[in-house]
Amino acid sequence: MKQIGIAIIGCGGITLQNHLPGLALCPESKVVALCDSDAETLQKASRQTGINVTATQYEEIVKRDDVEAVIIATPNFAHAPIALAAIAAGKHVLCEKPLAMSYAEAKQMAGAADQAGLRHMTAFTYRFVPAMRYLSHLVKRGDLGQPYHYRSCRLQDWGTRNLGWRQVKKLAGTGELGDMLSHRIDFAHLLVGPMKRLVANLKQWHPVRGGAPNDLDDWAAILAEFQSGATGVLESSKLASGRNESWRSLDYVEVNGSEGSFVFITGEWNKLQTGKAGGPGLETIMIPEEFWKVPGSPRDPRQGDPLVTFRYDQAFEFIDAIRNQRPCSPNFHDGARAQAVTDAAVKSAEAKQWVEVE
Ligand SMILES: NC(=O)c1ccc[n+]([C@@H]2O[C@H](COP(=O)([O-])OP(=O)(O)OC[C@H]3O[C@@H](n4cnc5c(N)ncnc54)[C@H](O)[C@@H]3O)[C@@H](O)[C@H]2O)c1
């Protein structure tokens, strides 16, 4: 079997924590090249992986014949130019979230990849939590009935520390909105369909973080109306003091519909709370074992910390879609839809008005 050659562009935190261990579980793929604009980071990743084909310029890497697909894990401003260069070179692309700096950019990426007949994927990693996969299955099956409300709350404690590129508008685009709320916007689209209009607010508490200027939001909230008529309330904060910074902090989603309600909490990877309309209240149900991983994934869900290892199914989804020439889920269109909401939220917060989502 010929392995799918992968190049990783951006060898920082998420590549080491997620992309490399995920790919290591996929025998059908092989990481053949690494790229990082920072020579020291590149060297460290090369030493750690034993991969000697390296470059600081992505243009060199995307043209290589042994590279069939690229994973883009750079700061947000570089996603679109790198993806477009990779697509022009005929490579499949898995790109980190938020997909781009604007809806226009995201649409261009999705259009280019479709036109070239390539696989494209947005790394909305939390879709791979077993409980979210099961919840989405129940909603599709009709257990929610007509969706009435979507509610999400992401509360973390990042304090006033320096966030590097994440606190610089020209590198990140938005702060908490694109960084953390983008995943929960995607959950909303997955569970209750596209948003139609919204009003949003963004708040920056700390203009200086860790001694460096911060020109982005620490808190974001959206009040939304969906095309289905359902309503949504989404809140995300880096300043929920005392709640911890990691995945141990709150990541809560609740959907209410004509037939009942479901509550998803990322930390409870194999449980959901559910209640039937008119019933006695919420009860906890266990996620059936067949939902503990993506079908066909080589991952053993009993190995390792399940709150870390569910993420590795993302790499399998990408490789399996390339192998079977089928669309990835979530793809660039999902990334673009979330980006349209992000753009509308920024516009709304600036204008202090309701805004239609493109
Ligand atoms: N899906 C998730 O759950 C998740 C989690 C964390 C981060 N992310 C996303 O992943 C991306 C990277 O985040 P991170 O935390 O790994 O950041 P990071 O700063 O740790 O790593 C980014 C790396 O990209 C390199 N880089 C910058 N510009 C480059 C360029 N033009 N070409 C090549 N390399 C370049 C940097 O030198 C750095 O090593 C961001 O888009 C972020 O939003 C997603």
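How many residues lie between β14 and β15 in the hairpin they form? There are five. This is a predicted model, in which local features need pLDDT of at least 70 and side-chain atom pairs count only at pLDDT 80 or more, while totals for chains, interfaces and linings use all residues. Residues are numbered from 1 along each chain as its sequence is written, and side-chain values use heavy atoms, with hydrogens and water left out.

Helices (H or I, at least four residues) and strands (E, at least two) are DSSP runs, numbered from the N terminus. Two strands count as paired if DSSP finds at least two bridges between them. On that basis β14 and β15 run antiparallel over four bridges, and V263 has Q273 in β15 as its bridge partner. Q273 in turn is partnered by T284 in β16. The pairing of β15 with β16 is also antiparallel, over four bridges, and these two strands make a hairpin with six residues between them. In that turn, G278 has a positive phi of about 80°.

Elsewhere, six strands build an open sheet with parallel pairing, in the order β3-β2-β1-β4-β5-β6. Its edges are β3 (54–55) and β6, each pairing on one side only. The parallel pairing of β2 with β3 rests on two bridges, and L34 stands opposite T54 in β3.

Helix α1 (residues 13–24) has twelve residues, and its end C-alpha atoms are 16 Å apart; this agrees with the 16 Å it should span at 1.5 Å a residue (the expected span is 1.5 Å times one less than the number of residues). Its buried residues are T15, N18, H19, L20, G22 and L23, where buried means under 20% relative accessible area, exposed over 50% and partly exposed in between, with a 1.4 Å probe and protein chains only. Among the elements covering them are β1 (4–9), β2 (29–35), α2 (39–49) and α10.

Now to the aromatics. Rings of Phe, Tyr and Trp (its six-membered ring) pair if their centres lie within 6.5 Å; planes under 30 degrees apart count as stacked, over 60 as edge-to-face and the rest as tilted. The count comes to five aromatic pairs. Y126 and F310 form a tilted pair, because their ring centres are 6.1 Å apart and their planes lie at 50°. Y126 sits in the loop between β6 (120–122) and α6 (130–141), and F310 in the loop between α9 (306–309) and α10 (313–324), so the pair ties together parts 184 residues apart in sequence. Y126 is buried at 11% relative accessible area, and F310 is buried at 1%. W269 and W292, with centres 5.1 Å apart and planes at 70°, are edge-to-face. Both W269 and W292 are buried.

Two lysines also sit over tryptophan rings, the criterion being NZ of Lys or CZ of Arg within 6 Å of the ring centre and within 35 degrees of the ring normal. The charged end of K203 is 4.5 Å from the ring centre of W205, and K238 lies 3.9 Å from that of W158.

Finally, the largest nonpolar core has 100 residues, of which Y150, M195, L198 and I222 touch the most other members. Such a core is a set of buried Ala, Val, Leu, Ile, Met, Phe, Trp, Tyr and Cys residues joined through side-chain atoms within 4.5 Å. Leaving aside residues up to four places away in sequence, L198 touches residues including I222, L223, V341, W354 and V357, contact meaning heavy atoms within 4.5 Å.
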